[in-house]
Amino acid sequence: MRISVAPVPRQFAGTEPGAAVVMIDVFRASTTIVAALAAGARFVLPVADVEQAVKLAEPYAENEVLLGGERECQRIDGFQLGNSPREYTREIVAGKIVILTTTNGTQALAAAKDADTVLIGSFVNFGAVADAVAGSKAVTILCAGNNGRLSLEDFACAGGLVDQLAKGQLQLDDAALAARAAYRSLRTGLARVLTSTEHALLLADLGFGADLDFALRVDSLPVVPVLSEGRIAALPS
Ligand code: MLT
């Protein structure tokens, strides 16, 4: 298996046929998508902008669809849900279609849309994603980052995935080697370090500190979201 890591979306140069892409945005889009599907949402439609999200909701009945997402980490005016994974409970999302737009996560997904297989990964579904891509000949891990800059939480999560996969014959690019080294050096104090990253501190400051704890619960939601034809649904287990 060949593994490459794009530490920020602009370093993602597409993939070879048959390769899998894993998009990671730990705080918070990936974690929110996993939470929505784990709570029984039918599927998630990721879109890049707010206008597109509103338009996409139009053909659906009001009780069928939920608009979710954020700008500057806050719920968008007129949307029912923000981007806190804790909002996506069974009572609220079960059986619903979620249309989601976020600053970095859904943009990174747009960049990966032409890949053969696109999965969504985070710490909460870490092992399940590693199992799902274990048979692939090539995997590219695409870190969403933060407005074009590296996010340590995404890079460390990518490194953890590399670490889990790195058991057989592997070719790692330099970013994958660096991500794995970062993960290995952080893993004993993962929560302490990752709750001090730039985006974590901003979220905590805005009152979303509980989202950090939610997002750092490793393997708490073993659901694998897969993007296909514009929809994200859970891979049947
Ligand atoms: C994003 O996609 O930019 C993030 O998930 C931002 C956030 O923390 O809501």
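This is a predicted model: local features need pLDDT of at least 70, side-chain atom pairs count only at pLDDT 80 or more; totals for chains, interfaces and linings use all residues.

Among contacts between residues at least 6 apart in sequence, what percentage join residues at least 24 apart? I looked it up and found 77%.

**Entry: the whole protein**

I began with the secondary structure and found ten helices and eleven strands. Next I asked how the radius of gyration fits the chain length. For 237 residues, a compact globule would come out near 18 Å, and the protein has 16 Å, so the two agree. I also noted the box that the C-alpha atoms fill along the principal axes, which is roughly 50 × 40 × 30 Å.

Buried residues account for 54% of the 237. For the charges, I have 20 positive and 26 negative, and their mean positions lie 5 Å apart.

**Entry: threonine 102**

Is threonine 102 buried or exposed? Its relative accessibility is 1%, and buried means under 20%, so threonine 102 counts as buried. I found this residue in the loop that runs between strand S6 (97–101) and helix H4 (105–112). A polar atom of its side chain lies 3.2 Å from the backbone nitrogen of glycine 105. Setting aside neighbours within four places in sequence, I listed what threonine 102 touches: Ala29, Val47, Gly69, Glu70, Arg71, Asn83 and Gln107.

**Entry: serine 136**

I looked at another loop residue here. Serine 136 sits between helix H5 (126–133) and strand S8 (138–143). With a relative accessible area of 18%, serine 136 is buried, because the cut-off is under 20%. Beyond its neighbours within four places in sequence, serine 136 is in contact with Met1 and Ala20.

**Entry: serine 185**

Where does serine 185 sit? I found it in helix H7, which covers residues 174–186. Serine 185 has 56% relative accessibility, and exposed means over 50%, so I wrote it down as exposed. Its side chain has a polar atom 3.1 Å from the backbone oxygen of alanine 182. I also checked serine 185 against alanine 19: they are 166 residues apart in sequence, and their C-alpha atoms are 28 Å apart in space.

I kept one general point in mind: most residues other than glycine have a negative phi, and most peptide bonds are trans. With that noted, I went looking for exceptions.

- Which peptide bond did I find to be cis? The one from phenylalanine 27 to arginine 28, where omega is near 0°. Arginine 28 belongs to the loop between strand S2 (20–24) and helix H1 (29–38).
- Glutamate 72 is not a glycine, yet its phi is positive, near 50°. I placed glutamate 72 in the loop between strand S4 (65–71) and strand S5 (74–75). At 71% relative accessibility, glutamate 72 counts as exposed.
- Aspartate 219 also has a positive phi, about 65°, without being a glycine. The loop that holds aspartate 219 lies between helix H10 (209–215) and strand S10 (225–228).

Definitions and conventions:
Residues are numbered from 1 along each chain as its sequence is written. Side-chain values use heavy atoms; hydrogens and water are left out. Helices (H or I, at least four residues) and strands (E, at least two) are DSSP runs, numbered from the N terminus. The radius of gyration is taken over C-alpha atoms; the globule rule is 2.2 Å times the number of residues to the power 0.38. Buried means under 20% relative accessible area, exposed over 50%, partly exposed in between (1.4 Å probe, protein chains only). Contact means heavy atoms within 4.5 Å. Lys and Arg count as positive and Asp and Glu as negative; His and the chain ends are not counted. The place of a charge is taken as NZ of Lys, CZ of Arg, CG of Asp or CD of Glu. A polar contact is a pair of N or O atoms within 3.5 Å; within protein, one must be able to donate a hydrogen and the other to accept it, and residues adjacent in sequence count only if both atoms are side-chain atoms.
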